Amino acid sequence: MKGTGAKPANVREIMTQHFDPADEHDVLDPERLATPSGVAAVLERCGLAPRKGLGQNFLVDRNVLRRIIDAARLTPEDTVIEIGPGLGVLTWALADAVRTVIAVEVDAGLVRWLERLLRARDNVRLVHADALEVDFHALLAEHPPGPGGTGKVIANLPYYITTPLLMRFLEEGPPLDSMVVMVQREVAQRLTARPGTKDYGALSVAVQLRADVETVGVVSPHVFFPKPAVESAVVRLKLRPLPGDVLDEAVLFAVVRAAFGQRRKTLRNALRAAAKASGGPASEAAPSPRRRGRGEGPGETGAPWPDRAVEDALAAAGIDGARRGETLSPAEFVRLANALAARSG
Ligand code: SAM
């Protein structure tokens, strides 16, 4: 592991090198949490093992921790939402820096540990819940930033929910200034991708319409315990409102999802397929694409526009329906969605 030079084989081996898990003081030392031996000791003490299915790769490098915190440009009046506090290494450091930390953790075993660790902190709100279900508007309303502060998201994300989670924050728009998140390197490339490139997709458009995004740095698997199979990257998203000329945000994101739902289809056919998959054209109901789901398939696009509206909207927006969705710039998506919004619903 980075910093130790050793590559221990398993939890018990690491633990016995440095820690006595029976020593409450040792285990509860937040400074040691960001080390492989610290993580191993806590897991041993709590009778837990890293759960791959929940994306549990714990950060064990204080330099990376510092880079995440520096990139977030925190002020003492900020409210920070942390997704997946894990063993609390980032949570502890954030609690030193801001007014309130809202930490949302789904794993009951980790929540029990966090309750113990964070007993001493009075500015951490620990929420035992799935971050895909939590009402972030309500939580931020309960814990607003102080004067001059803002709402921020900071997280070493569980990779299996990165996309739906980012989409949730972008589409549902709780009042946030910025997000600094650890993601798979490949996702970072998608977040920053340009039209027509292989990495350009629904996530690229949704993010680039709503945020200036920069890669803070690439991160090696060695800074985690256990090590993930892939490289990671820290990205910073500085959020801004959607362009002022968007007629209907819901239609815009439905069009984006539809266009990328089946990348091989032309734009015209992708939009038609999305309408079919959502139950066919609805003559009365307004489009309702804000369904919560873990996927981005066309069945979840909620795009009940009639074929006729698709043709008219393409013509009005001056966009060739034979193009593929992946070649449209974010501004072209806005034009097309506005034309559709004016013709459906
Ligand atoms: N923040 C810790 C760190 O940096 O060491 C842990 C990061 S680990 C990559 C991801 C964390 O997210 C784990 O604690 C995991 O249990 C939690 N998690 C996974 N799925 C979640 C979900 N749907 N909602 C909330 N937390 C989740």
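**Exercise 1.** By class, how many nonpolar, polar and charged residues does the shell around the ligand have?

*Solution.* Keep in mind that this is a predicted model. Start with the count: 24 residues surround the ligand. Now sort them: 15 are nonpolar, six are polar and three are charged. The closest residues are Gly-84, Gly-86, Ala-131, Asn-156 and Pro-158.

**Exercise 2.** Decide whether the residues of strand β2 (residues 79–83) are buried or exposed, and work out which way each one points.

*Solution.* A residue is called buried if 20 or more other C-beta atoms lie within 10 Å of its own. Five of the five residues of β2 are buried, so this strand is largely enclosed by the rest of the structure. Next, recall that side chains in a regular strand alternate between the two faces of the sheet. Here Thr-79, Ile-81 and Ile-83 point one way, while Val-80 and Glu-82 point the other way.

**Exercise 3.** Identify the strands that pair with β2, and the unit that β2 makes with α6 and β3.

*Solution.* Take β3 to begin with: β2 pairs with β3 in the parallel sense over five bridges, and Thr-79 stands opposite Thr-100. Then turn to β5 (residues 151–156), which pairs with β2 in the parallel sense over four bridges. In β5, Val-153 is the bridge partner of Ile-81.

Methods. Residues are numbered from 1 along each chain as its sequence is written. This is a predicted model: local features need pLDDT of at least 70, side-chain atom pairs count only at pLDDT 80 or more; totals for chains, interfaces and linings use all residues. A residue is near a molecule or strand if its C-beta atom, placed from the backbone, lies within 6 Å of it. Ala, Val, Leu, Ile, Met, Phe, Trp, Tyr, Cys and Pro count as nonpolar, Asp, Glu, Lys and Arg as charged, and the others, Gly among them, as polar. A residue is buried if 20 or more other C-beta atoms lie within 10 Å of its own, exposed if 12 or fewer, and partly exposed in between; C-beta atoms are placed from the backbone. Helices (H or I, at least four residues) and strands (E, at least two) are DSSP runs, numbered from the N terminus. Two strands pair if DSSP finds at least two bridges between them. A crossover is right-handed if, with the strands pointing away from the viewer, the path from the first strand over the helix to the second runs clockwise.
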